[in-house]
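Me: I have a structure open and want to learn how to read it. Can we go through the features one by one?

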Amino acid sequence: RNSGRRNRRVRMPRIKHTKNELKVQRDSLNRFRRYLPTLELKKQQLQLEVRRIQRTLDEKRLEHDRLLADLDCWVALFAEDARLETFLRLVEVRKSETNIAGVSIPVFQDAVFERKAPDFFATQPWIDDGIEFLARIRRVLLEERILEQGLALLRDELLVTSQRVNLFEKIKIPEAAENIRAIRIFLGDEQTAGVARSKIAKAKSEALKSA
């Protein structure tokens with residue numbers, strides 16, 4: 001059981017206590033400290049955009065809810081089975097792309113519908129309004145879907161960026177700083193021991209000469 005516990009412990013990477021390793025660790029620390037502000041800025045940008053798109057999505061969902069509420073007055077008419085879908089066909093969803101902190105997300109531009117003119121002698125007088133209402137609902141649903149896609153992409157990137165910020169702040173930078181401290185202590189002790197050995201050797205040499 002104790003051996004199992006030992007195996008689960010996180011082992012710190014072993015470093016060489018040399019001047020070359022000291023330079024490597026210093027370079028790494030400087031690189032981490034230069035890169036961290038860029039990551040933090042990216043995280044802030046992503047957080048702002050996630051909040052902005054979430055607000056836009058909430059507004060679209062409210063619009064969708066209002067349209068559904070308006071649908072109540074159409075229920076009885078739709079019950080006549082006017083087959084509105086036969087007069088309205090989605091031809092194209094026009095989208096563009098925008099880049100947010102290195103992430104490409106889709107942006108809704110328009111929904112193009114092909115409308116078939118109804119026979120006014122064979123259909124109800126409200127058919128035009130019904131077709132327009134159906135087009136509005138479908139357009140809002142398409143906008144919601146594209147906003148959700150963009151939001152998901154940004155949230156994924158925000159998660160990765162936040163993990164990297166934490167990695168640099170809590171692991172990489174403290175680890176490099178601790179390695180530098182340990183190497184400096186080791187090299188300082190080595191230097192002190194070397195000076196001591198040199199003095200001892202010199203004292204012995206002088207003692208031999210005077211003997």
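Me: In what order do the elements of the protein chain run from the N terminus on?
Reply: Read the elements along the chain. In this predicted model, the order is α-α-α-β-β-α. That gives four helices and two strands.

Me: How do the two strands pair, parallel or antiparallel?
Reply: Look at the sense of the pairing and at the bridges. Strand β1 covers residues 88-100, and its pairing with β2 is antiparallel, over 12 bridges. Take two examples. Leu 90 has Phe 113 in β2 as its bridge partner. Asn 99 is bridged to Ser 104 of β2.

Me: What do β1 and β2 form, and how many residues lie between them?
Reply: They form a hairpin, with two residues between the strands. Ala 101 sits in that loop between β1 and β2.

Me: Which residues are buried, and which are partly exposed?
Reply: Buried means under 20%, exposed means over 50%, and partly exposed is in between. Asn 179 has a value of 10%, so it is buried. Now try Phe 186, also found in helix α4. Phe 186 comes out at 35%, so it is partly exposed.

Me: What share of the protein chain is buried?
Reply: Buried residues are 27% of the 211 in the chain. The chain exposes about 15,200 Å². Carbon and sulfur atoms supply 52% of that area.

Me: Which residues does Asn 179 touch?
Reply: Set aside residues up to four places away in sequence; Asn 179 then touches Ile 15 and Gln 25.

Me: What percentage of the contacts in the protein chain with a separation of 6 or more come from residues 24 or more positions apart?
Reply: Count the contacts over the whole chain. Among those with a separation of 6 or more, 78% join residues 24 or more positions apart.

Me: How much space lies in the largest pocket?
Reply: A pocket can be described by its volume and its lining. Here the volume is about 200 Å³. The lining has 13 residues. Thr 56, Pro 106, Val 107, Phe 108 and Leu 147 lie nearest the centre.

Me: Which elements supply at least two residues each to the lining of the largest pocket?
Reply: Three ranges to find on your display: α2 (19-70), β2 (103-115) and α4 (127-210).

Me: What classes of residue make up the lining of the largest pocket?
Reply: Sort the residues by class. Seven are nonpolar, three are polar and three are charged.

How values were computed. Residues are numbered from 1 along each chain as its sequence is written. This is a predicted model: local features need pLDDT of at least 70, side-chain atom pairs count only at pLDDT 80 or more; totals for chains, interfaces and linings use all residues. Side-chain values use heavy atoms; hydrogens and water are left out. Buried means under 20% relative accessible area, exposed over 50%, partly exposed in between (1.4 Å probe, protein chains only). Contact means heavy atoms within 4.5 Å. Accessible areas come from the Shrake-Rupley method with a 1.4 Å probe; for residues, only the protein chains shown count as cover. On a 1 Å grid over the protein atoms alone, a cavity is a set of points where a 1.4 Å probe fits but cannot get out, and a pocket is an open set with protein on both sides within 12 Å along at least five of seven lines; lining residues have an atom within 4 Å of a point. Grid points are joined across faces, edges and corners, and a volume is the space filled by probe spheres set on the points. Ala, Val, Leu, Ile, Met, Phe, Trp, Tyr, Cys and Pro count as nonpolar, Asp, Glu, Lys and Arg as charged, and the others, Gly among them, as polar. Two strands pair if DSSP finds at least two bridges between them.
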